[in-house]
Amino acid sequence: MDAKVTQSIKDGMAYERARTGPPEGFPALPPVPGRRYVDPSFNRLEFERMWKRSWVYACHLDEIPEPGSYYLWDRLGSAILIVRGEDDGVCAFYNTCRHRGGPLVKDRQGRRKLFVCGYHGWSYDREGNLIAVRDERDFPDFDRSCLKLISVKCETFGNWVFVNFDDQAGSLKDYLGPVAQEMTEFQPDKIRLAHKAEWDVDCNVKVLLDAFLETYHLKSIHQQTVDRFLDHLGTTIELWPNGHSRMVTPNRRPEWKDPGVAGLPEIATVGEIARDNNVSYNIYPNIVCPPAPTGMPFILFWPKTDNTMLLECIWFSPDWGAGPLPDVWDTRVGNFERIIAEDTQFAPQIQQSVESDGFRGIHLSCQERRIYHWHEELDRRIGREGLPESAAVEQILGPFVTDPYESACVHDQV
Ligand code: FES
Ligand SMILES: [Fe+2]
């Protein structure tokens, strides 16, 4: 984070603390229609046009450490085989044999020289080439080169592996834009995988995602935890292209340091904003990441059905050297999971509400504008065709979308 951005965040927090009305010129946000959270046809459009065309996190390079290591990923339904290649590059393929769809692997992780289908034995190399077919004589005019495994776009940002089902998608780095610029200070190419956990939650994925995009709820549901050390009235927000956003919330006492992370190794290049405050990114669509010098979680939100979802929390740490993860991580993860439990406590009841006749839309304050920004981006991804008017949000936040590294309004309306 450069000096100009650092100063603008400091100014932003001071401005937020001092203001007595909404930010100057900021519009009233129209209600977000409840139909977006319950209508199966809307959820289907969302899945096909947004989730299936987005860069999403799949795994960490620690999970595929050597040539031939694989990770089987299926958070968005289709089973994808992510493979470390001979050259250390990473490829992704559908775990789907070109003969009759048999799986090439069934375990979550492992290592193979060849991927041999369990059904009739067709064999593929680590680049997905079909190299051996049992009884090939029985397939007239057979051309193995036409039957490579079907690939899926796969790129890395540091040690984090992302996939995108859309063959036409641009590069991950371009997509991440300012997120990649800023997160470089956390040395993502050195960060290690520390801990993973997941929970089923009974609500539409957007119900819970919304809850992680604002600090307005701190005084109610995190009274004994986050609210004790963060001042939500100082939260400063930036809305970025491609639906990404960042908020920075100041500590109540500037000198406060989290005792739960004492003794952990720190990333030396982290700047003062992330050292002295709480930074939280939303990497669109489904990563919420509050990074700190001692590491960070990716909180991931995955749709399952219209009214169920999976919440995943994956922790990353600076290199702790040889040996097992330091014990202090048990406390750190335990404390964080207590906060996660506070955040999820109302989700099933909110789902019940949005499904009821008593629900007439979501009324957002300017503090909650990252939620509105997220939903505007969703509608841009879906496009106008087939999007029911009664489910759409108005496109109004364009003038407030900026890229701090270009200092320009970059919003591109459909
Ligand atoms: S389905 Fe894979 S070899 Fe038949
Ligand atoms: Fe929360």
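Start with two terms: strands are DSSP runs of E with at least two residues, numbered from the N terminus, and two strands pair if DSSP finds at least two bridges between them. The model is predicted: local features need pLDDT of at least 70, side-chain atom pairs count only at pLDDT 80 or more, and totals for chains, interfaces and linings use all residues. Residues are numbered from 1 along each chain as its sequence is written, while chains are lettered from A and ligands numbered from 1 in the order in which they are written.

**Stop 1: the domains**

Colour the chain by domain. Domain 1 covers 3–53 + 177–409, and domain 2 covers 56–157. These bounds come from an automatic or database domain assignment. Taken over C-alpha atoms, the centres of domain 1 and domain 2 are 34 Å apart.

Now look at where they touch. Domain 1 brings 11 residues to the contact and domain 2 brings eight. Contact here has a cut-off: the C-beta atoms of two residues, placed from the backbone, lie within 7 Å. On the domain 1 side, select strand S11 (192–201) and strand S16 (296–305), the elements that give two or more residues. S16 gives the most, with three residues. What kinds of residues make up the side of domain 1 that touches domain 2? Eight are nonpolar, one is polar and two are charged. In this count, Ala, Val, Leu, Ile, Met, Phe, Trp, Tyr, Cys and Pro are nonpolar, Asp, Glu, Lys and Arg are charged, and the others, Gly among them, are polar.

**Stop 2: the nonpolar core**

Select Ala-58, Ile-82, Val-161, Phe-162 and Leu-208. Of the 90 residues in the largest nonpolar core, these five touch the most other members. Domain 1 and domain 2 both give residues to this core, so it lies between them. A nonpolar core is a set of buried Ala, Val, Leu, Ile, Met, Phe, Trp, Tyr and Cys residues joined through C-beta atoms within 7 Å. Buried means that 20 or more other C-beta atoms lie within 10 Å of a residue's own; 12 or fewer means exposed, and in between is partly exposed, with C-beta atoms placed from the backbone.

Zoom in on Ala-58. Setting aside neighbours within four places in sequence, Ala-58 contacts Trp-73, Ile-82, Val-161, Phe-162 and Val-163.

**Stop 3: the seven-strand sheet**

Show the strands as a cartoon. Seven of them form an open, antiparallel sheet in the order S1-S10-S9-S4-S3-S2-S5. S1 and S5 stand at the edges with a single partner strand each, so one side of each has no neighbour in the sheet. From one strand to the next, the twist averages 30°. The axes behind it are lines fitted to C-alpha atoms, with angles from 0 to 180 degrees between N-to-C directions.

Select strand S10 (residues 160–164). Are its faces covered or open? Both are covered: Trp-160, Phe-162 and Asn-164 are buried on one side, Val-161 and Val-163 on the other. Four antiparallel bridges link S10 to strand S1 (residues 56–60). Tyr-57 has Phe-162 as its bridge partner. Strand S9 (residues 151–157) pairs with S10 over five bridges, also antiparallel. Here Cys-154 partners Val-163, and Lys-153 partners Asn-164. In the S9 and S10 hairpin, with two residues between the strands, Gly-158 takes a positive phi near 60°.

Move to strand S2 (residues 69–73). Four of its five residues are buried. S2 and strand S3 (residues 80–84) run antiparallel and share four bridges. Within this pair, Tyr-70 is bridged to Val-83. Their hairpin has six residues between the strands, and its Gly-77 takes a positive phi near 100°.

**Stop 4**

Ser-69 has Arg-111 as its bridge partner. Now pick Gly-110, which lies in S5. With 13 C-beta neighbours inside 10 Å, Gly-110 counts as partly exposed. Beyond residues up to four places away in sequence, Gly-110 touches Tyr-70 and Val-105.

**Stop 5: the three-strand sheet**

Finish with the open sheet S6-S7-S8, whose pairing is antiparallel. Strand S6 (115–116) and strand S8 (130–132) are its edges; each has a single partner strand, so one side of each is left without a neighbour in the sheet. Two bridges join S6 to strand S7 (residues 123–124).
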